[in-house]
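Welcome to this short tour of a protein chain. Please have a look at the sequence and the 3D structure first, and then follow the points below.

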Amino acid sequence: MLQAWLAAPRTLTLRDAPTPEPDAGEVVARVRLALTCGTDLKTYRRGHAKLPFGLFGHEGAGEVVALGAGVEHLQVGQRVTWLPTAPCGACFACRRGRFNLCRNLFERVVLGSYAEYLKINARVTRVHVFPLEGLSDLRGAFVEPLACVLHAWRLLEPLPGKIVAILGAGAMAYLHLMEAKARGCHTIVAARRPERLEFARALGADETLEFDQLHTLRERTDGGADVVIEATGAKAVWELAPELAAPGGKVLLYSGLAKGETVQVLAERWHYDELTLLGSFHFTTQDAQQALQRLRQQEFAVERLITDTRPLSDLTQVFEALDRGEGIKYAIVP
Ligand SMILES: [Zn+2]
Ligand SMILES: [Zn+2]
């Protein structure tokens with residue numbers, strides 16, 4: 001079978017590999033569709049602190065073609081999606097119910113959705129393979145990225161108000177926009193590129209702002225946004241985000257910075273304006289189930305985020321395009 005292999009930064013090839021066989025507790029899926037993701041692009045450009053080089057891709061949907069011994073909750077022929085990780089259930093974080101913070105999350109990660117077949121390990125098979133039951137492959141493949149977004153929204157609750165400012169205009173920022181709209185919030189999207197702002201308006205953003213106009217946001221909103229979502233992963237934007245929040249507002253720091261990076265926050269605003277600064281990471285089973293529910297609502301139009309659908313044989317060109325900043329999210333079909 002054909003399988004993508006990322007040997008080092010910007011060294012992506014397609015190779016011939018044996019079709020995997022499931023061991024006890026595992027399943028093998030024939031990949032029907034995989035999605036590109038900002039995490040993949042980060043890994044492609046410079047490697048990833050938590051993810052190894054080698055097998056590549058973590059979002060997708062497929063059909064179960066083989067079951068390992070003891071797998072009784074899934075069937076051959078079922079269309080499914082999967083998450084790349086599952087919690088160990090035994091560590092410090094898991095014992096406290098903070099499953100997205102499991103200390104052993106990345107010791108067994110399912111990578112390799114850019115391939116014709118994918119082996120899903122026993123830990124993930126047990127809890128994080130979801131039958132699609134009527135959902136399209138594309139919608140199913142959105143369970144993972146949307147679960148990350150919905151995890152963040154769970155942390156934001158209770159929402160302090162209705163004005164939500166989203167800084168950034170990548171796929172994750174747009175998913176935040178769609179969730180904010182689904183909850184009836186007034187949305188303001190800020191980004192650098194005019195065409196990305198135009199797309200945000202097409203997706204229903206109430207207002208858009210160029211980055212160099214961000215300093216006007218507190219004035220425009222008569223005090224600031226109730227919720228500011230940082231979705232760029234840039235240090236300068238992390239530092240700016242608390243400046244844009246209303247008194248009593250919440251700042252969601254969604255996109256991670258590089259290891260060792262530090263940021264400055266104006267202590268006066270943090271303390272006297274009672275700002276809440278929230279980090280958000282990954283997802284739990286509950287978040288994935290909520291994502292499945294959201295994706296059953298046809299008006300939650302994730303299809304619009306797909307720049308193009310390309311065959312697996314085009315994967316290298318797709319990542320070269322993403323590397324140049326072209327396109328939001330691609331669907332890859334083996
Ligand atoms: Zn992803
Ligand atoms: Zn754990």
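The buried residues of helix α12 are covered by several elements, including β1 (2-8), β2 (11-16), α1 (38-46), β15 (306-311) and β16 (329-333). Keep in mind as you read that this is a predicted model. We begin with this helix and its surroundings, and then move on to the sheets and the domains.

- Helix α12 spans residues 315-323, and its buried residues are Leu315, Val318, Phe319 and Leu322.
- Why do these residues lie on the same side of α12? The arc they cover around the axis is only 95°, and that places them on the same side of the helix.
- On the face turned away from the buried side of α12, you will find the exposed residues Gln317 and Asp323.
- After α12 comes Gly325, which has a positive phi, near 85°.

**Strand β16 and its partners**

- Is β16 largely enclosed or left open? Four of its five residues are buried, so β16 is largely enclosed by the rest of the structure.
- One partner of β16 is β3 (residues 27-35), and these two strands pair in the antiparallel sense over two bridges. Within this pairing, Ala34 has Ile332 of β16 as its bridge partner.
- Another partner is β15, which runs parallel to β16 and is joined to it by five bridges. Here Pro311 stands opposite Val333 in β16.
- Between β15 and β16 the chain passes through α12, and this β-α-β crossover is right-handed.

**A three-stranded sheet**

- Three strands make an open sheet in the order β2-β1-β4, and their pairing is antiparallel.
- At the edges stand β2 and β4 (54-55), each with a single partner strand, so one side of each has no neighbour in the sheet.
- Six bridges connect β1 and β2, which pair in the antiparallel sense. One place to look is Leu2, which stands opposite Asp16 in β2.

**Gly47, a loop residue**

- Where is Gly47 found? Gly47 sits in the loop between α1 and β4.
- Gly47 has 13 C-beta neighbours inside 10 Å, so it counts as partly exposed.
- In sequence, Gly47 and Pro9 are 38 residues apart, yet their C-alpha atoms are 6.2 Å apart in space.
- Leaving aside residues up to four places away in sequence, Gly47 touches Pro9 and Phe53.

- How many of the nine residues of β13 are buried? Seven of them are, which leaves this strand mostly covered.
- On one side, β13 is joined to β12 by five bridges, and the two strands run parallel. In this pair, Ala225 has Ala245 of β13 as its bridge partner.
- The chain gets from β12 to β13 through helix α9 (residues 235-240), and this β-α-β crossover is right-handed.
- Four bridges link β13 (residues 245-253) to β14, and these strands also run parallel. Here Lys250 has Thr276 of β14 as its bridge partner, and Leu253 stands opposite Gly279 in β14.

**Two domains**

- According to the domain assignment, the chain has domain 1 (2-135 + 296-333) and domain 2 (148-279).
- How far apart are the centres of domain 1 and domain 2? Taken over C-alpha atoms, they are separated by 28 Å.
- Where the domains meet, eight residues of domain 1 are in contact with nine residues of domain 2.

Methods: Residues are numbered from 1 along each chain as its sequence is written. Chains are lettered from A and ligands numbered from 1 in the order in which they are written. This is a predicted model: local features need pLDDT of at least 70, side-chain atom pairs count only at pLDDT 80 or more; totals for chains, interfaces and linings use all residues. A residue is buried if 20 or more other C-beta atoms lie within 10 Å of its own, exposed if 12 or fewer, and partly exposed in between; C-beta atoms are placed from the backbone. The arc is that of the directions from the helix axis to the C-beta atoms. Two residues are in contact if their C-beta atoms, placed from the backbone, lie within 7 Å. Two strands pair if DSSP finds at least two bridges between them. A crossover is right-handed if, with the strands pointing away from the viewer, the path from the first strand over the helix to the second runs clockwise. Domain bounds come from an automatic or database domain assignment.
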